[in-house]
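Please examine the model shown below together with its sequence. The explanation that follows moves from overall composition to individual parts of the fold.

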Amino acid sequence: MLIDEIRSLPNSPGIYQYFDKFGKLLYVGKAKILKNRVKSYFSFTPTLAPSPKVGPRIHKMISETTHLEYIITPSEADALILENSFIKQLKPKYNILLRDDKTYPYIYVNLDDEFPRFDITRKIVKGKNIKYFGPYFRGGRELLEALQMSFKLVQSKAALKAKGSYLPYQIGYSEAPLISKISQNEYSKVVNAAISALQNPNSLIATLTNLMTKYAQNENYEQAAKIRDKINAIKDLDTKIEVDLAKLEDFEVFAMNSCQNMICAVRFSIQNGKISGVNQNITNLKMNLDNDTNDAYKQIILESFPVDMPVISSKIYTLDKFEDSGLVEEILTARHSKKFSISTPKIGEKKRICDMAGKNAEISIQNYLKTHDNELLKEIKEYFSLTHTPYAVETFDNSHMFGKACVGAMIRFEHGNFIKDKYRHVHLQSKNDYDQMREMLIERALRFDKISAPDLWIIDGGQALLDLANEILKSSGANVDVIAISKEKIDSKAHRAKGAAKDKIYTNLGSFLLATNDKKLQFFQRLRDEAHRFAITFHQKTKKREDMEASRLIQAGISQGSIAKLVKFYGNFENILNANFDEITKITNKSVAEKIELIKK
């Protein structure tokens, strides 16, 4: 019983998890003392009930809780890190989910190199005298390319080794020290000028504009258009807000704003006294917010400074005070071996910038509500009694040909757009549709720490695959809704005609047959068809590659029977070619193993 679980809680730091009667994760929290924290949610007389001191959202959560689990940690800081990880991976119903899976790039230069070159990184680069610029929330690659067009820099490792003729040097695109005989002192002047340009990106626009005009005059409109796009990207780097501080300071500003069940976090990166980048993160809370800025601030700040990321500034200012700021300081200081400070200014320039960030968050929510039509998604949530409004949806499909070239595919749809950098495909070992889907879904569930769980899974299949998906999600602890869509069968063949297919929808509440012009059905069909397209494309590429690899083995004198044995054991040709001699000998014979060794050479 829940009351017994509460009474048995230890006096230790850790995280606690609340579950409902269906085993779905409702909430993850951290505590300095687990027993005290969890007890504060409840009233124990005359019966176990939500405490009258909690807000309406937490009251509803506690009313749904039937079971709790906990994990003890060495310290409260460790509990906060674990809590943040669980929220990101498992998407509990009642936690705020300000999540951004992107890792933003930096431009860096190693000034210890004999002839330093500028490059892009998303992680810390080894070296004592490395200078970073960023993070670039957009336009980082374009800025680097613009820098390389404006200054004759060493562009690659090949340029350092080039002798005699070297085309990039000859056309003025890249420096080549062994050819030009430029001294380190002269080259350092070019590097310093490039560094100054990175600190003021708009200074590059004049050079790029002249180059664009030259290309246009020579009727090289394609190159002119590319440079135009780079100019626009550089212009977009700067926020429309012009802030120049008297001091050349570096610091970060975070602000939160919420309205109409939306919460927006805004981050300003200030470098050399100017706002160099603005990033925002908008989340639909799905229920009313009741004073949870503490959770929102600690979550977004921890995610903004992940492990192995460069840190330009460790000084952070927030619009609002939040309870765990000292704990977040402690974690970030330990994580980056650099003293972090978090404070909330009351007056002065820093206060004005924090207010500005807060106003941007408010405006961003207003613009979001104007430009995002969420009525269909809300209708889907209500109609199918989903836990979440499906703003983020993942759809799965498999493809194979008579058990060969078996692949699985997942597509991601967020706020009206297909997010192609979050598409994933895998090679599958299983030969039937059910086991292939099991393999694919387990693979996805194990990677919720890489790409956060969505609001909804759409499975290409019927009741059996719906049950399978629910089973996998339950074992993972992730709070994700599931529907399955089964293609209409006509004369034993799947009918996919757009706008005419009478597909069947399966949910945990039962099955649905919707009219072919129903927008809800068309929404599911659109995502299913995109997943099918992605799966088929990958299958065709895999099949073509496997046919080529099989052809190589046949040409080497290996029989079809031996090839079939190897494929059955290893799953694919890549694994066969990576296998060791002795193992192949045991599966087939020494002669086959020798022929494969010759192919490798």
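The model is a predicted one. The protein comprises 601 residues, 50% of which count as buried. Its secondary structure consists of 22 helices and 23 strands. Among contacts in the protein with a separation of 6 or more, 62% are made by residues 24 or more positions apart. The accessible surface amounts to about 29,700 Å², and carbon and sulfur atoms account for 50% of that area.

The interior may be considered next. In soluble globular proteins, nonpolar side chains tend to be buried together. Here the largest nonpolar core holds 43 residues, and within it Val253, Phe268 and Ile301 touch the most other members. Both helices and strands contribute to this core: at least two residues each come from helix H4 (76-90), helix H12 (293-304), helix H13 (325-336) and helix H14 (348-371), and likewise from strand S9 (251-259), strand S10 (262-271), strand S11 (274-284) and strand S12 (315-318). Another core, of 33 residues, lies apart from the largest one; Phe396, Phe448, Ala469 and Ile472 are among its members.

Directly after H4 comes lysine 91, which has a positive phi, near 50°.

Strands of a sheet pair through backbone hydrogen bonds, either parallel or antiparallel. In this open sheet the order is S2-S1-S5 and the pairing is antiparallel. Because S2 and S5 stand at the edges and each has a single partner strand, one side of each is left without a neighbour in the sheet. From one strand to the next, the twist averages 20°. The antiparallel pairing of S1 with S5 extends over six bridges. Within this part of the sheet, glutamine 17 has glutamate 69 of S5 as its bridge partner.

A second open sheet of three strands has the order S7-S6-S8, again with antiparallel pairing. Which strands stand at its edges? They are strand S7 (118-121) and strand S8 (130-133), each with a single partner strand, so one side of each lacks a neighbour in the sheet. With direction ignored, neighbouring strands of this sheet are turned by 30° against each other on average. Strand S6 (residues 106-110) pairs with S7 over four bridges in the antiparallel sense, and the bridge partner of tyrosine 108 is aspartate 119 in S7. Two helices lie across strands of this sheet. Helix H5 (residues 140-150) lies across S6 and S7 and runs at about 175° to S7. Helix H9 (residues 184-199) lies across S6, S7 and S8, and its direction is at about 30° to S8.

Several backbone details in loops complete the description. Threonine 45 and proline 46 are joined by a cis peptide bond with omega of about -5°; proline 46 is found in the loop between strand S3 (42-43) and strand S4 (49-50). Another cis peptide bond, with omega of about 0°, joins glycine 134 and proline 135. Serine 337 has a phi of about 50° although it is not a glycine, and it is found in the loop between H13 and strand S13 (341-343). Is serine 337 buried or exposed? With a relative accessible area of 72%, serine 337 is exposed. For serine 385, phi is near 55°, again a positive value in a residue other than glycine. Serine 385 is placed in the loop between helix H15 (375-383) and strand S14 (392-401), and at 48% relative accessibility it counts as partly exposed.

Conventions
Residues numbered from 1 in each chain as written. Predicted model: local features only at pLDDT ≥ 70, side-chain atom pairs only at ≥ 80, totals over all residues. Heavy atoms only, no water. Core = buried A, V, L, I, M, F, W, Y, C linked by side-chain atoms within 4.5 Å. Buried < 20%, exposed > 50% of the residue type's maximum accessible area, 1.4 Å probe, protein only. Pairing = 2+ DSSP bridges. Axes fitted to C-alpha atoms, helices over the stretch in contact; angles between N-to-C directions. Contact = heavy atoms within 4.5 Å. Areas by Shrake-Rupley, 256 points an atom, 1.4 Å probe, with all protein chains shown as cover.
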